[in-house]
Structures are given as structure tokens and as C-alpha cells.
Amino acid sequence: MKREHFGAVVSYVLLMIFAVILQFLTFSPQVSGVICAMVFLPLLSLCANLYVRKHIHLIFSMPPISAKYSACDGSLQFRNDSVLPAAKLYCTVKIINDLTLEEHRVTFTAAAGAGKTYGKEFSLASNCCGRLYVCVESLKIADYFGLILLKVPVNADARVTIIPDLFTSDVTVGNLPASDDDGIADRKGDDRSEVFQLREYQKGDDIRQIHWKLSGKLDKMIIREGSQNISRSLLIFWDKRTVCPAQVTDALAESVASVAQGILDSGVQFDLCWTEGFECEYRRITDTDALLQSIPELVTRRGNDECALPDFSGYGRVLYFTNDMPDKNTEDKIFYFVCTDVKTEDYALVTFTPDGYKEQLERLEI
């Protein structure tokens, strides 16, 4: 846009210089008319654009989810509700990955006739997963000569989540340890052998949880909720608080999702947790559908530096994914998965690199 605008200004100045020189040489009334037109037409066009710019509207259209490396087709519609045409529009679109913090800009040129809508098709592709925030950073309207640019007040944006690719991770899960302070009996779960609480039946409850004997005594349906089974006391946690290169963040996202799928394939259910903004988000993963529904949320955006870590006390084992090498592991139940080039012989510390994580996490024993 800047190069085109600069070229228009240079061309106008050179043409005006040529016309003035020609006028001094010929004193032609026709040349004088051309010079007057070159002076007043941009001013008239400016006055028209002051009116038109208040009647320009933009609408983004993009799919909510896309895959890595795949073309994500979208459209940007310019609607001109005025009675005058918009001869030339310059639109700068900013694309921000809320997870990796990458930024890109693309500039479009368009024109919209009076009372008409002009559609601009475009395609985006990302080699890193995350939520892409696509917004109009600036929209400017130019006069017929392309000399004077006016800012058009618009506000249009869209979001599309680029989901990570899953790779095969064969995970063997050993017996999860139990401890007095695990707090499993105080956590709602699926183990019917241990009662978490008794409550009245609600629509949608599993009828297998009905306490028939007590229901008969109270003359109303009572549900027996189970506690969390110790064998399922597993937490997968992704610490997204530290800013790191986009390739590292992308490797962590695919590693968390793939290892989670591998654990699920081994028959173990778990809690999935990650830092997002100032909060920790939790999801109970009981099957593949629950995991696939959680993955787009998992890669939405990074966590804030001041976000507090989750409470690990209620879990028998924690898989902690990060890009920071821990100073010292003070809890035996925490297994760190660190995306780094630093090698270690610590049995509770698994390292993998941004280039080789798929091969390095292909088989795991935890």
C-alpha cells in the first residue's frame, strides 16, 4: 500500500510539473484547464470520500476450526451503503496466533460501487497450531488520483483455531500410587464401590446409580454418586505461562494431545489441565470424544505469568509438560516432560526436542 501510494504521489507531481512547464511554453487554455482539473478534482474526491467513508462496512467469514498446513478459506466483504462509489480501498488485515504470539499482516485492495458489496476471497495456512485472531488493523479510502488517504472507521474480526496433528504414542501406565493425602474419596468420579454423595435423581442421571433400597424408604429416587477411583488419579498438565519460540509451543501442543490419546488408548482415564490467561482450565477425559472436544480449547492461548499452578495433591501421578527445565523435583509423583535440547538422566524427567518429539515420545512408560 505504501509503495503504491508513493508511486501515485510521484506520478501526480511529475505530471503537474510537466503541465506547468507546458503552460509556460504554450500559454494554452487547454493546458490551463488540465492544471485546474488536476488541482480541484482531488479536492472534490476528498470531499466525497469524507462522506463515503462513514458508510463502509466490513464482514469477516471464516471457519471456526482448521488443520495445520491446510488452506483455511475465508472471505472479507466490503459493503458500501452510500450513493457514491468507493474508488479504491486499502485494507490491512492483522493475524495473531494467541498461543504462539506470532503476528502477520496482509494488505488487500478493493473497490465498492454505490450501494454495492464487494467480496474478497483469501486463504490462510499456519504451520503452528493455536487460535488465530484475524482482524482489520486499518482500512483507508483513497481519492481517484490515489493521493489522499482517509481512515475508514470499521471494526471486523474473526477467530479460527488451528488444531494440532496427533501422532502415535504408545503409552504404558504403571500402577498409580495411592497416598493418605491423595484426597480421592473427596473427589467425584466413576467408582461406585466408594460413595461420594447421595442426592435426589435428576433428569439425565444414569439409572444404574439409583439407590433402590433408600429410594423405597424415602419414596423418591435417590442417586448414589461414586468417588474417583485411585487407578484414575492421573493429571496431565500443560504449563503455558512461559513465552517460548513458536516451534517449541507447537511441539508441546502436539505432544500433550498425542500422549493424552495414548494414555486413553491404554484404558486409563484422567484429568486434563492447562494454564490459560490467569486461570487453570480442567477437563475430565473419559473417552476419545471428550479429548477431541477439549483439544481446540487446549490450544486457544497461552497462560499469564501470574497464573497460579493447579493443586496436585489430589492426584496419584502428574504428567507436567513445560519448556522450562525444573530446578529440582521435590515430589516423586510429578513426571516432567520438557521440550528442550538439554539432555538428562533423571528417570522422572523426559526431554524431547522441537524437531524430534514424534520419534522421542513414540513409546513411553509412566
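Because the structure is a predicted model, local features were required to have pLDDT of at least 70 and side-chain atom pairs were counted only at pLDDT 80 or more, whereas totals for chains, interfaces and linings use all residues. Residues are numbered from 1 along each chain as its sequence is written, and side-chain values rest on heavy atoms, with hydrogens and water left out.

The secondary structure comprises six helices and 19 strands, where helices (H or I, at least four residues) and strands (E, at least two) are DSSP runs numbered from the N terminus. Of the 366 residues of the protein, 46% count as buried, the classes being buried for under 20% relative accessible area, exposed for over 50% and partly exposed in between (1.4 Å probe, protein chains only). Among contacts (heavy atoms within 4.5 Å) between residues at least 6 apart in sequence, 69% join residues at least 24 apart.

An open sheet of mixed pairing is formed by six strands in the order β15-β14-β13-β16-β17-β18, two strands being taken as paired if DSSP finds at least two bridges between them. The twist averages 15° from one strand to the next, with axes given by lines fitted to C-alpha atoms, for helices over the stretch in contact, and angles running from 0 to 180 degrees between N-to-C directions. Strand β17 (residues 334–339) pairs with β18 in the parallel sense over four bridges, and phenylalanine 337 stands opposite valine 350 in β18. Helix α4 (residues 246–265) lies across β13 (234–238), β14, β15, β16 (317–322), β17 and β18, and runs at about 165° to β13.

The structure holds 14 salt bridges, each defined by a side-chain nitrogen of Lys or Arg within 4 Å of a carboxyl oxygen of Asp or Glu. One of them joins the side chains of aspartate 98 and arginine 131 at 2.9 Å, N to O, and this pair links distant parts of the chain, 33 residues apart, with aspartate 98 in the loop between β4 (86–97) and β5 (103–112) and arginine 131 in strand β7 (residues 130–142). Aspartate 98 counts as buried at 17% relative accessibility, as does arginine 131 at 19%.

Arginine 284 meets aspartate 271 at 3.0 Å, N to O; arginine 284 lies in strand β15 (residues 279–285) and aspartate 271 in strand β14 (residues 270–276), so parts that are 13 residues apart in sequence are tied together. Aspartate 271 is buried, with a relative accessible area of 8%, whereas arginine 284 is partly exposed at 30%. Arginine 283 and glutamate 297 meet at 2.9 Å, N to O, and since arginine 283 lies in strand β15 and glutamate 297 in helix α5 (residues 288–298), this pair ties together parts that are 14 residues apart in sequence. Arginine 283 is partly exposed at 24%, and glutamate 297 is partly exposed at 31%. Elsewhere, salt bridges that share partners join Lys94, Glu103, Arg105 and Glu137 into one network.

The second largest pocket is lined by residues including Ile95, Ile96, Asn97, Glu102 and His104, and β4 gives the most to this lining, with three residues. A pocket is defined on a 1 Å grid over the protein atoms alone as an open set of points where a 1.4 Å probe fits, with protein on both sides within 12 Å along at least five of seven lines, and lining residues have an atom within 4 Å of a point.
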